[in-house]
Amino acid sequence: MIQTEDIIKIASYFSIIAHTPGRLRVRVNPKIKNESSNISILDIENLPKKINGIKDIKINKIIASVTITYDATIFKPQIWEDLINKRNLEEITEIINNLAKEVM
């Protein structure tokens with residue numbers, strides 16, 4: 001199970017390429033490979049199953065980018081901007097925990 005703290009840690013390796021409401025494309029710093037947590041690519045790809053409002057996550061390993069499709073009425077675009085820029089993390093943590101789906 002992926003934790004909110006893990007999402008914040010992963011996001012610290014992202015920089016925004018393009019962002020329109022409902023679609024966020026980020027560049028991934030290659031140093032993420034050195035991340036010692038137990039988070040796999042599969043964990044990241046499965047986030048839509050675990051958090052309401054995230055529709056899809058596509059990882060492009062060749063160009064080191066991630067595209068996140070989300071419901072802009074659930075996840076306001078500013079939340080993503082704040083997450084990537086490490087602002088209002090306590091508020092974001094609370095939002096993510098409230099949107100976490102019960103996974104069996």
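**A tour of the cavity and the aromatic cluster**

The structure holds 1 cavity of 30 Å³ or more. This is a predicted model. The volume of the largest cavity is about 210 Å³.

Start inside. Select Ile7, Leu47, Ile68, Trp80 and Leu83. Of the 19 residues that line the largest cavity, these are the closest to its centre.

Next, colour the lining by class. The count is 19 nonpolar residues, with no polar and no charged ones.

Now show the cartoon. Which elements each supply at least two residues of this lining? They are α1 (4-11), β3 (54-60), β4, α4 and α5 (89-99). The largest share comes from α4, with 4 residues.

Stay on Trp80, one of the lining residues closest to the cavity centre. Turn to the rings. The structure holds 2 aromatic pairs. Select Tyr70 together with Trp80. Their ring centres lie 5.1 Å apart and their planes meet at 45°, so this pair is tilted. Tyr70 sits in strand β4 (residues 65-70), while Trp80 belongs to helix α4 (residues 77-84). The two are 10 residues apart, and the pair links distant parts of the chain. Buried or exposed: which holds for Tyr70 and Trp80? Both are buried.

Phe75 is buried, as is Trp80.

Finish with the three rings on screen together. Tyr70, Phe75 and Trp80 form a cluster linked by ring pairs.

Definitions and conventions: Residues are numbered from 1 along each chain as its sequence is written. This is a predicted model: local features need pLDDT of at least 70, side-chain atom pairs count only at pLDDT 80 or more; totals for chains, interfaces and linings use all residues. Side-chain values use heavy atoms; hydrogens and water are left out. Rings of Phe, Tyr and Trp (its six-membered ring) pair if their centres lie within 6.5 Å; planes under 30 degrees apart count as stacked, over 60 as edge-to-face and the rest as tilted. Buried means under 20% relative accessible area, exposed over 50%, partly exposed in between (1.4 Å probe, protein chains only). On a 1 Å grid over the protein atoms alone, a cavity is a set of points where a 1.4 Å probe fits but cannot get out, and a pocket is an open set with protein on both sides within 12 Å along at least five of seven lines; lining residues have an atom within 4 Å of a point. Grid points are joined across faces, edges and corners, and a volume is the space filled by probe spheres set on the points. Ala, Val, Leu, Ile, Met, Phe, Trp, Tyr, Cys and Pro count as nonpolar, Asp, Glu, Lys and Arg as charged, and the others, Gly among them, as polar.
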